[in-house]
Amino acid sequence: MAKRIGVYVCECGTNIAEKVNIDRVLAAVSPLKDVAVAERHKLLCSGDGQEFIRQSIAEHGLTHVVVAACSPKQHEVTFMNVCEKAGLNPQLFQLANIREQCAWVTSDREEATDKALRQIRAAISRVGYHAPLENKEMQCNPDVLVIGGGIAGIKASQVLAAPDRKVYLVEKTSSLGGKVKGFSKLFTNMESGPGLITKEIKSLLDNKYVEVLTESEVEQILGFLGNFEVKVIKKAEDAELDFNVGAVVLATGFELFDPTGLPRYGYGKLDDVYTSLEFEEMNIPEGPTGGKILLKNGKPPQSVAIIHCVGREEKGYCSKVCCIYSLKFDRMLKAQLPQVKVSHLYSDLCIPGKSFQKFYEDTRGLGVEFVRSAKTEVAGDGKGININYETEGGGKSELAADMVILLPAMEPASDAGKFAEMLNIPRDNKGFLVEEHQLLGPVASAVEGIFVIGCARGPQSISESIVQSEAAAGKILSALVPGRKLELEVRVSEISASFCTGCKTCLDVCPYGAITFDETRRISVVNEVLCHGCGNCAAACPSGAASLKHFTFPQIYQELKEVLR
Amino acid sequence: MVSTVKGALFPAEGGVRERILAFLQKAISQGCFDAVLIPVRAPGTDSFTYSLVRGESLLENAYPLPPVMSVQGAKAVSSLTGHGKGKKKIAAIVRPCEARATAELFKLGQVDLENIFLISLDCPGALPLADWAKDPQKTEEAFTEILKGKASESLRPVCRICDRFSATGAEDLHIGTLGAEKGGILLIPHSPKGEGILDCLGLTTEADISAWDAAVNSLTGQRKEQRQKFMEEFKSKTAGLDNLLDTFSQCINCHNCMRVCPICYCRQCFFDSDNMKFAFADYLNRAEMAGGLRLPPETLLFHIGRMLHMSLSCVSCGACEDACPTAIPVAQVFSLVGGQNQEEFDYVPGRSRDEPPPLRVYEEDEFEEVEQSCAGASAQQEAPNA
């Protein structure tokens, strides 16, 4: 069938008409081969303009349409819909951007007209080579995968689980509860951590819409918002579980900076130097001392020094919760050992927020000493621990203590790297997973459908982690409505079986895991559901086997040929 | 270059060829490998071709270092294993450039080296195929002189400036003959498989390799100098579109250079495909625009396209130039362009089997100067409107 191309040039009010001589453009374009009609309109994106194109398509029996107007970012979809309404496959359309890329950036009217003409000729030449790609859609999957069974993961799962939405909660250890389970008291109300988390875990386990997978590792996640394929290994049973979800929440938590690397704190060398988490453990009834604060020799300490900011300089950030929970430690110490002498060695005290100031003042009232210090060094002489430090005035001073509690920095959990790589989520230079936007997208990630909450993003308090759980859950609830259809990308990659040499270069450059290798045929194969049509494979393929639909070699050649003519 | 490397002495008598063959024969009889893939002189003829041999035919007809490179060794290895490995263990005897091309093909999934022992040799260079076809006897005599250590202008131009004529790191085992006195050859392992061959022969890596090392280093230095000098001059003759058009003006579009290139592994060359065939009207358009059109078209584009595809993996083996019926210095152009591109990425093709090809690796902080110059250019363009 002969091609019948319609060309419509938009005046865009005065935006285009002022800079481009549209009559000259139409006069040059009309006689071109295959052009059936070429016309101008005041504002093609308006209802009137859209109707004008629709009628013209029918009247002239067009097979292809070119619109010369604004950026495809603005109205490509608008005009593709017009084509569809007129019964034309929307891919048989091309937009020439003569506003942003021409009228707005070219000062001379003659030059702007020449440039517009080149762009329109290129679009006409290209559109004749377009293929009518068929729209594809699939059911959106409302289920959610939550990775990490700490407080953040538990709270997100609770909000999300519902009769029409299943939640898979994957935890690599054998039990839920994360770090909070080990905190005997929580600031500032001194509630029991295990008590609080046990209630939350129970409510989660009672929820039949949550499948809890402990001792399990996520092996693979492929896909996009509404359609992720997940592979989980259940380590205890050595079994593999495959399922699909629509969104993924990463709540992989934190670990403590290891103070062994900083010998000046004596950690690992001296008996009674503990990290904050070890001190917490000492305070829970199931802990090694049955909940009693004891030295290694079995006696209670007479004096305790709490050293702040361990690793802050090395890591390059403040972990923001240590100062606050150290005040909680004071309360725990004084409650159990009213006579104990407690000294804080700190460089900056960070106690923001409405409830902490009072907590701090009340703690001071218990007779706790706060010493501003620098260059702290912990040494032992076999009898006790001696701490040397520099005072605020620059002088040298020292302090004896039976027990030292270090407050090390919070680091991303060791899994952060694994998930960053698996999901293509960037990490900051400290190793934390990066949010989509610090201010505007605090719980979303750079990958649509993947959310990052709690300490996986950076140091957070329990309440902040929970706020983020609920925020991510809210975003997921509004995006993954059960029954909603997802429109799939039709401009996807295809790999020619007869050209592919099986070098696997495309597998290395595909950011979506959309290409697999067929070992029997020794060629690469594209999964069209996972492909986003980024074109990396087509650019990297050394043998011309990979090409991108709608951006094929002949289509691009036709366009370039006319632009450069 | 390889001073930390250790080697073993395999005792043998005779010329280089005899000593190498004695080693291969011994290794086969000890069961170190089952057969050898090696250039063989077809009995009663002047043609060399890679063949799988063992026993008598190995000793009588095999030439580990033939005077010419009639088939690139990497092509031989890929035709044997490109569609999967076999059960037999095969020792492939190749020149260093062939070993490096094989390593590149390995990275691109075009060879299976699991049951291949890649063994390279100190390479004296090869003579042009055309000379051999014209006068085999005279060419062989010239090669005999070269084997004795004589520098010769009759070597192929890329061989004369080759600075990677010895161990490369891509092979399992390297045979060192340079600077070594008669009485044996040095066996220098570069992989557990190479070490396995020494174990199999009951050899230990205790040989004094300093004389070989010194000879390799000294010749490498000389060649580097020669290469630099040559390339400076050659660049002035070939750089720029006009010079490039001149250089390739004799091209008859036979695509032989592509067919013999070990790295050109596409099933069908893009330039032979329908993607490069256009309607009559297109050609007419182009002829009108340019004031004329050379037919068949895309002759220079083919070479530039091949440079774009191949230059990061080009090992300067010279096969393309040997195959050119119109004596275009294809290999020299590729060596010049390839050398520059490889330097940009700090990449030496075939230096290691594990080093990924540069275009598969994304590094955020590379080519910042290019980014900056682009940013500068666009800032300048935008300035008048700002």
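Colleague: How many of the nine residues of helix H3 (residues 73-81) of chain B are buried?

Modeller: This is a predicted model, where local features need pLDDT of at least 70, side-chain atom pairs count only at pLDDT 80 or more, and totals for chains, interfaces and linings use all residues. Residues are numbered from 1 along each chain as its sequence is written, chains are lettered from A and ligands numbered from 1 in the order in which they are written. Buried means 20 or more other C-beta atoms within 10 Å of a residue's own (exposed is 12 or fewer, partly exposed in between; C-beta atoms placed from the backbone), and helices (H or I, at least four residues) and strands (E, at least two) are DSSP runs numbered from the N terminus. H3(B) is largely enclosed by the rest of the structure, because its buried residues number seven.

Colleague: Which helix of chain B do the buried residues of H3(B) pack against?

Modeller: The buried set includes B:Gly73, B:Lys75 and B:Thr81. Contact here means C-beta atoms, placed from the backbone, within 7 Å. Those residues pack against strands E2 (35-41), E3 (48-53), E4 (90-94) and E5 (116-121) of chain B, and also against helix H4 (96-107).

Colleague: What gives the most to the side of domain 1 of chain B that touches domain 2 of chain B?

Modeller: The domain bounds, from an automatic or database assignment, are 8-227 for domain 1 and 231-360 for domain 2 of chain B. The contact takes 27 residues from domain 1 of chain B and 24 residues from domain 2 of chain B. H3, H4 and helix H7 (157-160) of chain B each supply at least two residues of that side of domain 1. With 10 residues, the top contributor is H4(B).

Colleague: Over in chain A, what is the radius of gyration?

Modeller: It's taken over C-alpha atoms, and the globule rule is 2.2 Å times the number of residues to the power 0.38. A compact globule of 565 residues would come out near 24 Å. The C-alpha trace of chain A spans about 100 × 55 × 45 Å along its principal axes. The radius of gyration of chain A is 32 Å.

Colleague: How far apart are the C-alpha centres of domain 3 of chain A and domain 4 of chain A?

Modeller: Domain 3 of chain A covers 258-408 and domain 4 covers 489-549. Their C-alpha centres are separated by 57 Å.

Note on methods. Contact = placed C-beta atoms within 7 Å.
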